[in-house]
Amino acid sequence: MGAILKVSGRGLPLRGHDIDTDRIMPARFLRAVSFDGLERHLFEDDRAADPKHPFNDPRFAGASILIVNRNFGSGSSREHAPQGLARAGIQAIIGESFSEIFLGNASMLGVPCFVTSHDSIEQLHTLVEGAPATNIEADVTAGAVTAGSLRIAASVPPALRDAFASGQWNPTAMLLDRFEEVQAVAARLPYLNGF
């Protein structure tokens, strides 16, 4: 686990408001005991219904920055949605707004979610749809996204920005790094020691 200051790569433009976690990862794939292989089921129903879905489009294969609209990741709190995206190689998401739970789950996987205006997303969608090879750089600390000659303000919420900058974005890894201290506290708690 280390600091995440910038993410760069090609973009994947996904248009549409209120894309919920059931569309990102259909419920029938939640029965798995691990998150392995979830990337194969991202938007499975949407992709089957629309062969031209961006996740089917070979022009966007290997893209690492997802570009979305308003209220992305709404609905249930399923962690499988950001797990699938991260396992598919998505390293950052740029959108108009995100569900709070999705935002938290993505952040704990090291996937910063940048928020920007509707007009900026429209410009970014249009640019990437027309020139899929365009390199995008999303700067966590500067709060800026650059794609070709396009530069837009796009910020990560301050607490998450600071966590990414300091390398302390994964609370589980932080606990494991100091596990001796966790064990010492647990040993002092009467309700864990047969009070």
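A residue counts as buried when its relative accessible area is under 20%. In this predicted model, Ser-99 has a relative accessible area of 14%, and it is therefore buried. Ser-99 is found in the loop between strand S3 (92-95) and H4. Leaving aside residues up to four places away in sequence, Ser-99 touches Asn-71, Phe-72, Gly-73 and Ser-74, and its side chain reaches the backbone oxygen of Gly-73 at 3.4 Å.

| Pair | Centre to centre | Angle between planes | Geometry |
|---|---|---|---|
| Phe-72 and Phe-102 | 5.3 Å | 90° | edge-to-face |
| Phe-164 and Trp-169 | 6.4 Å | 35° | tilted |

The planes of Phe-72 and Phe-102 stand at 90°, so the pair is edge-to-face. This pair links distant parts of the chain, with Phe-72 in the loop between strand S2 (65-67) and helix H3 (80-87) and Phe-102 in helix H4 (residues 100-108), 30 residues apart. Both Phe-72 and Phe-102 are buried.

For the other tabulated pair, the angle of 35° between the planes goes with a tilted arrangement of Phe-164 and Trp-169, and here too Phe-164 and Trp-169 are both buried.

Conventions: Residues are numbered from 1 along each chain as its sequence is written. This is a predicted model: local features need pLDDT of at least 70, side-chain atom pairs count only at pLDDT 80 or more; totals for chains, interfaces and linings use all residues. Side-chain values use heavy atoms; hydrogens and water are left out. Rings of Phe, Tyr and Trp (its six-membered ring) pair if their centres lie within 6.5 Å; planes under 30 degrees apart count as stacked, over 60 as edge-to-face and the rest as tilted. Helices (H or I, at least four residues) and strands (E, at least two) are DSSP runs, numbered from the N terminus. Buried means under 20% relative accessible area, exposed over 50%, partly exposed in between (1.4 Å probe, protein chains only). A polar contact is a pair of N or O atoms within 3.5 Å; within protein, one must be able to donate a hydrogen and the other to accept it, and residues adjacent in sequence count only if both atoms are side-chain atoms. Contact means heavy atoms within 4.5 Å.
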